[in-house]
Amino acid sequence: MSPPASTWSNRAVKRTERPEGTPVGRRVVLGLLGLGAAGVAAGPYLQRAQDAVTASDPTGVTGLLPGGGVFRYYSVASSVPTRTAETYTLTVDGLVERPTSHRLADLQAMPQQRLVRDVQCVTGWRVPDTPFEGVSLAHLLDAAGVRPGARAVSFSCFDGTYTESLTLEQARRDDVLVALKLQDAPITHAHGGPVRLYVAPMYFYKSAKWLSGITVTDAVRPGYWEGNGYDVDAWVGRSNGRDDAPTS
């Protein structure tokens, strides 16, 4: 499915108020997918018309219509505020020894990791050989000091609506990033920037856009789409009733 300098701080972070977006139901999404599939034969004419509609669609649900080898803009909120290098903050809290707040410059100063994988959306589209670059999620968890009893990680986003989750074991994989770059350029707002999650081996709805919070928890807290029927463990080709080729 496709959606952030000072030194590190151990002080408690006051979260800014975030407007609550209007959620988009799964029935609406699937209806749009069916409409898109019915019109595939229209070829490039449909694609040009779809792109024109997508560009002016505030919800982004039209971004789920089929397209070949390209990303589709998607958001479950009616609007998403913009965050700049000066206003962006990523918090790491929950069952950790050192709750921390990171500015964009802090994340950029950390060791960076680059992954090149296919991106697979659960709705069917795929973007091959896509470079993502950022900070290993495991690095941020280690820096915060995960406490005994921790079993999972929850993610919140500054769109005010979207959430995601991973088990702690999944979060510590070396192909899970807090991503700052996409296709070797800073991640744009439309693609979930300036900071988003990237979970390479799972369907793209696990790679939460507009990432603002990482919370270590004692159990998995299903995210937005899991609450609407998608699998919590979203391995590409081994979940959601799909048999797509693995992405990593």
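The second largest cavity holds about 30 Å³ of space. A cavity here is a set of points, on a 1 Å grid over the protein atoms alone, where a 1.4 Å probe fits but cannot get out, and a volume is the space filled by probe spheres set on the points, with points joined across faces, edges and corners. Rolling a probe the size of a water molecule over the atoms shows where empty space is left. The model is predicted, so local features need pLDDT of at least 70 and side-chain atom pairs count only at pLDDT 80 or more, while totals for chains, interfaces and linings use all residues. Residues are numbered from 1 along each chain as its sequence is written, and side-chain values use heavy atoms, with hydrogens and water left out.

The residues that line this cavity (those with an atom within 4 Å of a point) include Asp118, Val119, Gln120, Tyr198 and Phe204. Strand 3 (113-120) and strand 9 each give two or more residues to the lining, and strand 3 gives the largest share, three residues.

Next comes the protein as a whole. Its secondary structure comes to five helices and 10 strands; helices (H or I, at least four residues) and strands (E, at least two) are DSSP runs, numbered from the N terminus. Of its 248 residues, 51% count as buried. Buried means under 20% relative accessible area, exposed over 50%, and partly exposed in between, with a 1.4 Å probe and protein chains only.

A nonpolar core is a set of buried Ala, Val, Leu, Ile, Met, Phe, Trp, Tyr and Cys residues joined through side-chain atoms within 4.5 Å. The largest has 45 residues, and Leu107, Leu137 and Ile214 touch the most other members. Among the elements that give two or more residues to this core are strand 1 (89-94), helix 3 (104-109), strand 7 (176-182) and strand 10 (211-217). Helix 4 provides the largest share, four residues. Apart from this core lies another, of 14 residues, among them Leu115, Cys121, Ala179 and Phe204.

Cys121 is buried at a relative accessible area of 0%, and Cys157 is buried at 1%. The structure holds zero disulfides (pairs of cysteine sulfur atoms within 2.5 Å).

Two residues show opposite surroundings. Leu177 is in strand 7 and is buried, with a relative accessible area of 0%. Not counting residues up to four places away in sequence, Leu177 has contacts (heavy atoms within 4.5 Å) that include Leu115, Phe132, Leu137 and Tyr198. Asp218 is in the segment after strand 10 and counts as exposed, at 53% relative accessibility. Leaving aside neighbours within four places in sequence, Asp218 is in contact with Leu95, Gly149 and Arg151. Asp218 and Arg151 are 67 residues apart along the chain, yet their C-alpha atoms are separated by 4.8 Å.

The backbone has some points to look at as well. Most residues other than glycine have a negative phi, and most peptide bonds are trans. Gly193 and Pro194 are joined by a cis peptide bond, with omega about 10 degrees, and Pro194 is in the loop between strand 8 (185-186) and strand 9. Gln183 is not a glycine but has a positive phi of about 55 degrees. It is found in the loop between strand 7 and strand 8 and is partly exposed, with a relative accessible area of 44%. Asn240 also has a positive phi, near 55 degrees. Asn240 lies in the segment after strand 10 and counts as buried at 18% relative accessibility.

Note on methods. 1 Å grid on protein atoms, 1.4 Å probe; cavity = no way out; pocket = protein on both sides within 12 Å on 5 of 7 lines; lining within 4 Å.
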